[in-house]
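Hello,

Here is the structure I promised to pass on to you.

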Amino acid sequence: YGIKLIDSMDRNELLIIEAWKFLKDLEKFSNVYKMHMLDWHHIYEPFTRYRLDERALIKDIMEKRFDSVFDAVKRNYSSIGELQESVESFIRSKMEECCPNLTSIAGPLLGAELISIAGGLKNLAMMPGSRIQILGAGKAFFISKKKSVPGPKHGVIFKHPLVHNSRERGRNARSLACRIAIAARIDYFSRQKNMEFLENSKKMLSE
C-alpha cells in the first residue's frame, strides 16, 4: 500500500510532505532547546526572567557569554532557527509550484500540512469540504463519538486567520474548507492558478 501511495504522487508532493514532517520535528527540537536555555540561564541570572518577556529574554541570552556548553546549546538553537526558515522557504516554493490555488486559499504552510495529513494532493482533492473541515482533529472526533458529545468544528484549518480570529469559527471553517476542497481539485487536475476562482473565493470568504 505504501509503495502504491508513493507511486500515485509526484516528486513535488513527496518533497512537500517530507519537508513538512521535518519542519514539525524542527519545531519540537527548537522548543526543547529553548526550554533548556531558559532553565540554564535562570541558574546564572535568577531574576532576569521576571523582568523580560520571553522574546526579549531569548535575545538577552543570545547576546551574552556563559559557559562553553551553554554557548554550544545557543549556537545549535540559532542553527535550528535558520534551518526552519530554509525549510519553510522550500515548502513555500514547492507549494506555489504545484498547488498555486491551495496555496492562495490556505497559505503554503497550512496547505502543506493538509496535504501531509491527507496523504497527498489527490486524497485531499477527493475529500468533501466537511472532511477537510475536521482534518487533523481525529483524536477529538473519536472522543466525541465515544462520549456521544458534539464533534469538533474544525481541525488544523483552525490555524487560518479566517477561523482563528473569528467569532463564528464553525461557519467560517465550513466556508474555508469548501474553498480548500475546490482549490485542491483544481490543482490536482490542472496545476494552473485559476484567477477567477481565487477572486470569487476572496469575495465569498470576506463576506
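Predicted model: local features only at pLDDT ≥ 70, side-chain atom pairs only at ≥ 80, totals over all residues.

Residues are numbered from 1 along each chain as its sequence is written, and side-chain values use heavy atoms, with hydrogens and water left out.

**Overall build**

The chain has twelve helices and zero strands; helices (H or I, at least four residues) and strands (E, at least two) are DSSP runs, numbered from the N terminus. Of the 207 residues in the chain, 41% are buried. Here buried means under 20% relative accessible area, exposed means over 50%, and partly exposed is in between, with a 1.4 Å probe and protein chains only. Taking the contacts (heavy atoms within 4.5 Å) between residues at least 6 apart in sequence, 55% join residues at least 24 apart.

**Two helix pairs**

Two packed helices are described by the angle between their axes and the distance between the axes. The axes are lines fitted to C-alpha atoms, for helices over the stretch in contact, and angles run from 0 to 180 degrees between N-to-C directions. Angles under 35 degrees count as roughly parallel, over 145 as roughly antiparallel, 65 to 115 as roughly perpendicular and the rest as oblique.

The axes of α2 and α4 come within 8 Å and cross at roughly 155°, so these two helices are roughly antiparallel to each other. Their contact divides into 23 nonpolar, five polar and six charged residues. For these classes, Ala, Val, Leu, Ile, Met, Phe, Trp, Tyr, Cys and Pro count as nonpolar, Asp, Glu, Lys and Arg as charged, and the others, Gly among them, as polar.

Helix α4 (residues 68–98) also meets helix α6 (residues 108–118): their axes come within 9 Å and cross at roughly 80°. That makes α4 roughly perpendicular to α6. On the α4 side, the residues are E88, I91, R92 and M95, and they meet P108, L109, G111, A112 and I115 in α6. By class, this contact has six nonpolar, one polar and two charged residues.

**Single residues**

E113 is also in α6, and counts as buried because its relative accessibility is 7%. Its side chain makes a polar contact with the side chain of K159 at 2.8 Å. A polar contact is a pair of N or O atoms within 3.5 Å; within protein, one must be able to donate a hydrogen and the other to accept it, and residues adjacent in sequence count only if both atoms are side-chain atoms. Leaving aside neighbours within four places in sequence, E113 is in contact with W20, V156 and K159.

S104, in helix α5 (residues 100–106), is partly exposed at 40% relative accessibility. A polar atom of the S104 side chain lies 2.9 Å from the backbone oxygen of P100. S104 and L198 are 94 residues apart in sequence, yet 7.4 Å apart in space, C-alpha to C-alpha.

Finally, R191 is in the loop between α11 (169–189) and α12 (195–206). Phi of R191 is near 60°, a positive value in a residue other than glycine.

Best wishes
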